[in-house]
Every structure is written in C-alpha cells, then in structure tokens.
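Subject: Structure for you to look at

Dear colleague,

I am handing over the structure we spoke about, and my notes on it follow below. Please read them with the coordinates open beside you.

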Amino acid sequence: MLTELGTILGVWAHPDDEAYLSGGLMALARDAGSRVVCVTATFGERGTPDPRTWPPHRLAERRTTELDACLRLLGVEEHHWLGYPDGHCAEIPPSAAIARLSTLIAEIRPDTVVSFGPDGNTGHPDHQAVARWTATAVDHAAPAHTRLLQAAVSDTWADRWRTVNDRFQIFQPGYPKTRPEQALTLHLTLDEPTVDRKLRALAAQTTQTETLIAEMGPAAYAAWIAEEAFTEAAPLPHHPCPRCWWNPDEARWRCASHS
C-alpha cells in the first residue's frame, strides 16, 4: 500500500510528533522512492520539565538541530517550519494558519497528507489545532484525489502499553481515543531494521527522548514505537468560502471572521 500513497505531506505540531506517529511510514516511503515533505507548526520551545536549563529560545535552537538530524536518518529532505508559539496553536487565527498550509499544499500537490485526527492523538490542544487546520487546508487546496490519513491509536496497542503510557503520562486525561483494528485504514507493524532506524531517529531528538529511552530500556522502547496506525478522513461537506474552517467538534464550518 505504501507505493500507492504517492507524494506524502506530513503536518505536525512539534518536533518528534512526525517520528513517533509516522517515522516508519516516512522511512519506508523514502526507501520506495516516494517524495516525503514534513511541516512542523512550532519549534517545541516549551517542551521541557526543566525551563531553567532549557529556556525557550535555547530549546528552540536545540530542537531545530535535533529534528534536522532525525529527518536525515529517515531520509526526509524537505521540511518547513510554520514558527507558531509552542502551546498556543489554538490561539492562532485559523484562517492564517490554513492559508499558509493551503499555499504549501498547492505547491507540493501531495497524493497523501498525514496528520493528527480531531482528537490530536494524545489530546494536546496544539495537536488538535493542527488537525483542524490540516483538514480544512486539504479541502481548500489539495488535488481532488488527495487522501488525508490521520494518526490513530489502536485498541490492541493501548491495551498492551497501558501501564507504560500511564506511568509516563503520554496522554492527556481522557485520552487516547482508541480504534478497533477494522476501523484502521493503514496499520503498520514495523520490521526490525525499520524499528531500529526509527529508534535512532527519535534518539536524535535527545531533549525529548533520552530520559524515556533510558528509563524504559532500548528494547522495550523499540517495541513501544513499532506500531503506526491511521484512519482515512471522510471528505468534508462542500463549502466554497476559503475564509472558513471546519470545526470537527461542532461538525460544521465556522466563518473566520467569527472564529
């Protein structure tokens, strides 16, 4: 199925989202000769429990370097930053973010867009905002054949790793929203070489993963990241106004001037 995905555009909120949720997919697609482009909304400058050691400006610089190294290991050579403030994506005017993504989509003309689902996977508000922007931008600017695959959490993975996820507080309260196997469009269980490559890519993002890998142990961490799951988003109801955005919670279009 990977060869059928064509040119892939991934749209994510923070450095490391792309590797955790689609690192194997990106690596395998690049190995198959497909074009893969990655977009990151923020520099992840607030992603630390130790802001005295890592003030936002310093962490942003470090995470930029880490993501460059991560993407090189996955074979991804095209990357774009949106530069929005970490933790504040929900406050960005949707029309502005959607317009920027629409421009990129019109230039790249992806066959497949990969991003978060409406739940944001972990429940993070930045993830949910990026999901809204992406779904609307795909509707506004993508070629008619473009598919939108949204990262999902399978029932079986959530059950297997419940203790680990709870221990490290991977998900926001009330999350994850899991999906049964039959609801998944694409469900990858990565082979050993691909898992090793994904692990090395994530390990390159040291500020985010070094402690977790050390506490879990490399073998358990590798098993934990070995699955990637996606559902295919249904097309949005037709709406001709390019200034509007889709609100999945209300299942309706919202006018940018009133959002």
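In the second largest pocket, α4 (125-141), β5 and β8 each contribute at least two residues to the lining. Please keep in mind throughout that this is a predicted model. Of these elements, α4 gives the most to that lining, with five residues. The second largest pocket has a volume of about 490 Å³, and among the 22 residues that line it, those nearest its centre are L148, A233, A234, P235 and L236. By residue type, its lining divides into 14 nonpolar, three polar and five charged residues.

The largest pocket has a volume of about 1,300 Å³. It is lined by 42 residues, and the ones closest to its centre are D16, Y20, Q169, I170 and Q208. Two or more lining residues come from each of α1 (17-31), β5 (147-154), α8 (206-216) and β8 (227-232), and the largest share, seven residues, is supplied by α8. The lining of the largest pocket is made up of 17 nonpolar, 16 polar and nine charged residues.

With a relative accessibility of 0%, T209 counts as buried. A polar atom of the T209 side chain lies 2.8 Å from the backbone oxygen of L202. Leaving aside residues up to four places away in sequence, T209 touches Y20, L202, A203 and Y221, and Y20 is also one of the residues closest to the centre of the largest pocket.

The remaining point concerns the cysteines. A disulfide is a covalent bond between the sulfur atoms of two cysteines. How many disulfides does the model contain? The count comes to zero, taking a pair of cysteine sulfur atoms within 2.5 Å as the criterion. For C38, the closest cysteine sulfur is that of C70, and because the two sulfurs are 8.3 Å apart, they are too far from each other for a bond.

With best wishes

Notes
Residues numbered from 1 in each chain as written. Predicted model: local features only at pLDDT ≥ 70, side-chain atom pairs only at ≥ 80, totals over all residues. Heavy atoms only, no water. 1 Å grid on protein atoms, 1.4 Å probe; cavity = no way out; pocket = protein on both sides within 12 Å on 5 of 7 lines; lining within 4 Å. Points joined across faces, edges and corners; volume = space filled by probe spheres on them. Helix = DSSP H or I, 4+ residues; strand = E, 2+ residues; numbered from the N terminus. Nonpolar A, V, L, I, M, F, W, Y, C, P; charged D, E, K, R; others polar. Buried < 20%, exposed > 50% of the residue type's maximum accessible area, 1.4 Å probe, protein only. Polar contact = N/O pair within 3.5 Å; in protein donor to acceptor, adjacent residues only side chain to side chain. Contact = heavy atoms within 4.5 Å.
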